[in-house]
Amino acid sequence: MPARLLPSWAWVSGLTVGATAAVVALALQASHGPHPTASARPGPSASAAPSPGAHRPASGKPSGPPALPDASGSGRRIVYSLGEKRVWLVDATGKASRTFTVWPGTVDPRPGGYSVIKRTQSLTGSDGVQIEHVMYITRTSGVNVAFSNALDGASPPPANGQKLGGIRANKADGSALWGFGDLNTKVVVVK
């Protein structure tokens with residue numbers, strides 16, 4: 001028996017029905033959220049830069065580290081925000097080349113302008129922790145206020161009522177801060 005050919009309209013109708021079914025299936029799958037294994041993948045760290053295709057919030061601004069605070073001075077400087085517990089390393093053009101969070105001590109410097117007045121490679125901090133990359137900026141309430149990082153990279157232990165002026169960074173950020181902050185480097189502290 002000879003093969004029977006379908007009319008061309010039947011082929012077109014069949015392809016249309018198949019394509020519609022595929023679109024509906026994909027739409028249903030999308031409405032139920034991402035595939036379960038997608039949420040199990042680790043996301044970027046808080047300090048990682050967003051990828052070019054990163055999600056942008058409804059405001060249209062790219063997500064990422066906070067912008068350099070207003071009224072934080074000009075020129076090459078270290079900016080420390082008390083409220084955000086964050087440091088920015090700002091180059092001579094006024095652009096932040098690096099920003100990171102820190103663990104402040106119990107004694108904060110007042111907002112204003114300072115400079116790096118002393119640098120010490122390593123010592124034992126007032127909390128008993130071995131620290132390095134110590135950069136002193138002021139003395140407040142009888143306590144030295146300085147940037148540093150723990151030799152082992154750990155966050156500081158609880159203060160237990162001590163007056164501590166150490167502003168601790170993680171090891172990599174402490175090294176970057178040390179490399180950036182020469183003696184007399186300007187430091188601006190903002191609220």
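Which residues of the largest nonpolar core touch the most other members? In this predicted model, they are I78, Y80, V87, F147, L177 and V187, out of 20 residues in that core. A nonpolar core here is a set of buried Ala, Val, Leu, Ile, Met, Phe, Trp, Tyr and Cys residues joined through side-chain atoms within 4.5 Å. Buried stands for under 20% relative accessible area, exposed for over 50%, and partly exposed for anything in between, with a 1.4 Å probe and protein chains only. Two or more residues each come from β1 (77-81), β2 (86-90), β6 (130-140), β7 (143-150), β8 (166-169), α2 (171-180) and β9 (186-190). Helix α2 gives the largest share, three residues. There is also a second, separate core of five residues, with W88, V90, V188 and V190 among them.

A word on the ground rules. Residues are numbered from 1 along each chain as its sequence is written, and side-chain values use heavy atoms, with hydrogens and water left out. Since the model is predicted, local features need pLDDT of at least 70 and side-chain atom pairs count only at pLDDT 80 or more, while totals for chains, interfaces and linings use all residues.

Now for the overall layout. The chain has two helices and nine strands, and from the N terminus on they run α-β-β-β-β-β-β-β-β-α-β. These elements are DSSP runs numbered from the N terminus: helices are H or I with at least four residues, strands are E with at least two. Of the 191 residues, 29% count as buried. The accessible surface comes to about 12,100 Å², and 59% of that belongs to carbon and sulfur atoms; such areas come from the Shrake-Rupley method with a 1.4 Å probe, and for residues only the protein chains shown count as cover.

Four of the strands form an open sheet in the order β5-β6-β7-β8, with mixed pairing. Two strands pair if DSSP finds at least two bridges between them. At the edges sit β5 and β8, each pairing on one side only. On average, neighbouring strands of the sheet are turned by 30° against each other, direction ignored. Strands β5 and β6 run antiparallel and are joined by six bridges; R119, for one, has M135 in β6 as its bridge partner. Helix α2 lies across β5, β6, β7 and β8, at about 60° to β6. For such angles, axes are lines fitted to C-alpha atoms, for helices over the stretch in contact (heavy atoms within 4.5 Å), and the values run from 0 to 180 degrees between N-to-C directions.

What about charged pairs? The whole structure holds three salt bridges, each being a side-chain nitrogen of Lys or Arg within 4 Å of a carboxyl oxygen of Asp or Glu. One joins R98 and D173, at 2.7 Å from N to O. R98 lies in strand β3 (residues 96-101) and D173 in helix α2, so this pair ties together parts 75 residues apart in sequence. R98 is partly exposed at 34% relative accessible area, whereas D173 is buried at 9%.

Another salt bridge links D127 and R168 at 3.1 Å, N to O. D127 lies in the loop between β5 (118-124) and β6, and R168 in strand β8, so parts 41 residues apart in sequence are tied together. Both of these residues are buried. Finally, K171 and E132 form a salt bridge whose closest N and O atoms are 2.6 Å apart. K171 belongs to helix α2 and E132 to strand β6, 39 residues apart. K171 is partly exposed at 36%, while E132 is buried at 10%.
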